[in-house]
Amino acid sequence: MTPDELFKQIQREFPNIQRLGGETPDPGEVKGYLTIKVSPKDLKPFCLILKEKLGFSYLDMITSVDWKGPVELKGYITDPNPNPFLPEGATPQMPAVPTPGVSYREMIQVVYLLTSMDKRAKVFIKVDLPRLDAELPSLVLLYKAADWQERE
């Protein structure tokens with residue numbers, strides 16, 4: 001099943017869903033896979049539809065991306081051969097440099113990967129959360145594998 005065919009099936013069940021990529025390139029799209037962006041409140045109903053009606057019964061992974069930006073490296077040892085006799089521990093200190101092409105923002109993005117063995121298809125689900133008071137519903141009742149992964 002192609003990502004386009006799968007997206008049409010999902011749209012019938014969840015009409016207001018947002019696809020990343022497709023006809024227009026999107027940096028948030030996982031290349032070659034259907035990538036969907038949902039709001040935190042829609043995550044559980046959306047996953048329920050995917051599991052119950054479309055057969056996505058396997059949770060591959062849950063991970064997250066912190067989009068805050070480059071870390072200030074002052075105080076970290078950046079030299080592969082540090083001199084322990086220097087007060088700073090290493091020299092020279094490197095400034096934090098943003099990575100070109102990355103859009104840093106004040107958010108954390110949680111990424112879910114679900115698989116349908118029957119359809120031989122995978123779908124990535126992305127949920128953007130604010131850095132402060134971030135909260136998501138648990139998927140443990142839908143996917144037992146979420147138990148350990150959500151705690152991580």
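Predicted model: local features only at pLDDT ≥ 70, side-chain atom pairs only at ≥ 80, totals over all residues.
Colleague: Let's start with the fold: in what order do the elements of the chain run from the N terminus on?

Modeller: Happy to walk through that. The secondary structure comes to 3 helices and 5 strands. Reading from the N terminus on, the order of these elements is α-β-β-α-β-β-β-α.

Colleague: What share of the contacts with a separation of 6 or more is accounted for by residues 24 or more positions apart?

Modeller: Contact here means heavy atoms within 4.5 Å. Among the contacts in the chain with a separation of 6 or more, the share from residues 24 or more positions apart is 64%.

Colleague: Thanks! And what percentage of the residues in the chain is buried?

Modeller: The cut-off for buried is under 20% relative accessible area. Of the 152 residues in the chain, the buried ones make up 31%.

Colleague: Which residues of the largest nonpolar core touch the most other members?

Modeller: In soluble globular proteins, nonpolar side chains tend to be buried together. The largest such core in this model has 29 residues, and those touching the most other members are F46, L50, F56, Y112, L114, I125 and Y143. At least two residues of this core come from each of α1 (3-13), β2 (34-38), α2 (43-52), β3, β4 and β5.

Colleague: I'd like to zoom in on I125. Which residues does I125 touch, not counting those up to four places away in sequence?

Modeller: I125 is itself among the core members that touch the most others. Leaving out residues up to four places away in sequence, the residues I125 touches are I36, V38, L43, F46, C47, L50, V110, V111, Y112 and L114.

Colleague: On to the pockets. Which elements each supply at least two residues of the lining of the largest pocket?

Modeller: This pocket holds about 260 Å³ of space. Its lining is made up of I62, T63, S64, I108, V110, Y112, L136, P137, Q149, E150 and E152, which divide into 6 nonpolar, 3 polar and 2 charged. The elements that each supply at least two of the lining residues are β3 (58-66), β4 (107-116) and α3 (146-151).

Colleague: And the second largest pocket: which of its lining residues are the closest to its centre?

Modeller: About 200 Å³ of space lies in that pocket. By class, its lining has 4 nonpolar, 4 polar and 5 charged residues. Of the 13 residues in the lining, those closest to the centre are P27, G28, W67, S103 and R105.

Colleague: Now for some backbone angles. What is the phi of R120 near?

Modeller: R120 lies in the loop between β4 and β5 (121-130). With a relative accessible area of 76%, R120 counts as exposed because the cut-off is over 50%. Its phi is positive although the residue is not glycine, at near 55°.

Note on methods. Residues numbered from 1 in each chain as written. Heavy atoms only, no water. 1 Å grid on protein atoms, 1.4 Å probe; cavity = no way out; pocket = protein on both sides within 12 Å on 5 of 7 lines; lining within 4 Å. Points joined across faces, edges and corners; volume = space filled by probe spheres on them. Helix = DSSP H or I, 4+ residues; strand = E, 2+ residues; numbered from the N terminus. Nonpolar A, V, L, I, M, F, W, Y, C, P; charged D, E, K, R; others polar. Buried < 20%, exposed > 50% of the residue type's maximum accessible area, 1.4 Å probe, protein only. Core = buried A, V, L, I, M, F, W, Y, C linked by side-chain atoms within 4.5 Å.
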